Amino acid sequence: MKPSQRLRLKKILAHGFLLVALALVVLPFLMVLVASLRKGNFPPNSLWLNPDQWSLEHWKYVLNIPYSEIVNPSTGETRMVQPPTPPLHWLWNSVIVSAVSSAGIILLSSTAAYAFARMRFKFRGHILQSLLILQMFPAVLALTAYYTILDSVGRHVEWLGLNTLPGLIAIYLAGVSTNIWMIKGYFDTIPASMEESARIDGASPFQTFVRILLPVSVPIFAVVFILSFIYTMSEYPVASAVLGTPKTWTLAVGASSLLREHEKLWGHFAALAVLSGVPITVMFLVCQRFVIGGLTSGGIKE
Amino acid sequence: MSQGSVHIKDLVKTYTDDRGRPTFTAVKNINLDIDNGEFMVLVGPSGCGKTTTLRMVAGLEKISSGTISIGDRVVNDLEPKDRGIAMVFQNYALYPHMTIFNNMAFGLQLAKKKKDFIQETVTRTSQALGLNQMLDRKPQALSGGQRQRVALGRAIVRNPVVFLFDEPLSNLDAKMRVQMRSEISRLHGQLGSTMIYVTHDQVEAMTMGDRICVMKDGIIMQVADPLTLYRKPENLFVAGFIGSPPMNLLRGKVQKQNSGLVFTETGEQNAISIPIKGPLESLVSKYVDKPIVLGVRPEHITEESKNGSHVPLTSAVDIAEPMGSESLVYMKAGSGSFIAKIHGEKLFHQGQPLTVYVDTGKILLFDPETEAVIR
């Protein structure tokens, strides 16, 4: 085989591989999208719809637009369908929980990371290592503990117990171990001389943190924010244990409620699944702007 | 007005690990008095403790024991901002997300000074440093030399009594370095403030300092003005550190021979001999037949005999480095080579026998055990 032929073969194989990988990612999404536009509640299993199979009923359901549905095919009896709890309400709950949790996580982990990166104290190394080990345990393991704690807290502080969004946020705020490590690693790459210069200029440690270190750390904060946002948006076990009433449900819990034992509303579920991608995508696009490199360039000679 | 004088007394810095156990002593009990308005250079090889000392004066490192006074105040427990100091860092340490103006104004803004005052001070300083056009730019858009000038401006704006420099020119190219060296010296002339300058480059030390403090392994080897360090080093380390090319240090013995006292180098081949005459004779009396180190600078070994104190020395050329108007000739000696500075636009080749003349009046003798100069 001539070299040029071999090169072309390699290119074809490489592109083929990429197309397969792409298909593995994109096709399931398309199938879900199709299922959300399909009349009736069929699981996502096809990519093609005949013209008479198209329907916007699931989207109407999700967006809380009443539509009529045939109850009895033989008599032609119809009824108006409306979700008992508007899914958009769940979307709103999710956005609030995720946004507030992510912001809180950044606040907690950045301040902790600052201490680990810049201060010397007893057992500093030990605490860091134990954080690493603790984070390996999934949150689900502590489910019963979360339930019991929130239950007793809820008896004394009404808005912070079970079935409350603040209660769920409080639990999510504990997911800081990985983030502390990430932010600490980033802080370690910023030479201390910038902060020392600020100290000589008269800045207190807090002022140094807010006015010098934070602006330079925007990329890592954007990363932590978006990762936390995605995690909390899609988190299911803890949310379903903590949130009992449909009004408080997040998207993940609400969507799974559509797949009941005997009546799996695949169509509604598919529409809701596609909808939940919207806030994540929007947040991603917003945060992406801040993930830029070379933020310390100019300030420090490497 | 002694408010800019700095007094370092019995200063010690010991580093500890996270648990508080001592690991390394960087500064071992040093004492140094810097006069108001003096340009004091701390020079030495890496790890000698000069930067640690500077940082303790600044307040960026905790003092393990001893005191540091600026003026007549002991500043051990004062925050850097209350000590009346300003520091210029090796890697500029500018704030990359702020404009040049804000970089220089930051300290004043923190001190809540009036806007007019800040505007006036920063503009005046940037004008003096030639940074007027760049006040709206960010550090990223400036060259290395300009950035260092901004760092300098930031320090000047603070109006300190003591300026601290931590190897500020190390990151600049050679040409920029020479330019900034003279700018800093000029600044010192204009402001008259005390300046403490840390460097590992002895050329910078010699050209800029009123006095130089040579350090090694956490202790002070000698403190003196440049010329005294050059002419009268107190120990082997200072003798070999100051001066470029470095002083020739030959190990050997002084023995009594028919012609008088002669220093002979140890070594099987090419051992050179230099007669000991004049004032050196009495110095050497206790070291006859004992190991001794003889030091003589390359610039005092030349191609012609200028006066009666010159003695001839013949050896073979090993390597020659022509520098233009003069050449550095490495000549074979008992333990490697010694360097002679030959003037004139001459060329030398390997193995060529050459007779040079040593100025015996400039010879220094050292005790190999104590490493101190014999006088």
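Start with helix H13 of chain A and what covers its buried residues. In this predicted model, the cover includes H1, H2, helix H3 (87-118), helix H10 (218-234) and helix H12 (251-257) of chain A. Show those helices around H13(A).

Now colour the buried residues of H13(A) themselves. They are A:Trp266, A:Gly267, A:His268, A:Phe269, A:Ala270, A:Ala271, A:Leu272, A:Ala273, A:Ser276 and A:Cys287.

Next, select residues 266-288, the whole of H13(A). How far apart are its end C-alpha atoms? They are 33 Å apart. At 1.5 Å a residue, the 23 residues should span 33 Å, so the two values agree.

Step back to all of chain A. Its domain assignment gives domain 1 (3-81) and domain 2 (87-288). Give each domain a colour. The C-alpha centres of domain 1 of chain A and domain 2 of chain A lie 32 Å apart. Their contact takes 16 residues from domain 1 of chain A and 13 residues from domain 2 of chain A.

Move to chain B and colour by pLDDT. Chain B averages 90, and 99% of the residues score at least 70. Select strand E3 (residues 39-43) of chain B, which has the highest mean pLDDT among the chain's elements, 96. Then select helix H9 (residues 280-284) of chain B, which has the lowest, 82.

How values were computed:
Residues numbered from 1 in each chain as written. Chains lettered and ligands numbered in written order. Predicted model: local features only at pLDDT ≥ 70, side-chain atom pairs only at ≥ 80, totals over all residues. Domains from an automatic or database assignment. Contact = placed C-beta atoms within 7 Å. Helix = DSSP H or I, 4+ residues; strand = E, 2+ residues; numbered from the N terminus. Expected span 1.5 Å × (residues − 1). Buried ≥ 20, exposed ≤ 12 C-beta atoms within 10 Å, placed from the backbone. pLDDT = per-residue confidence, 0-100.
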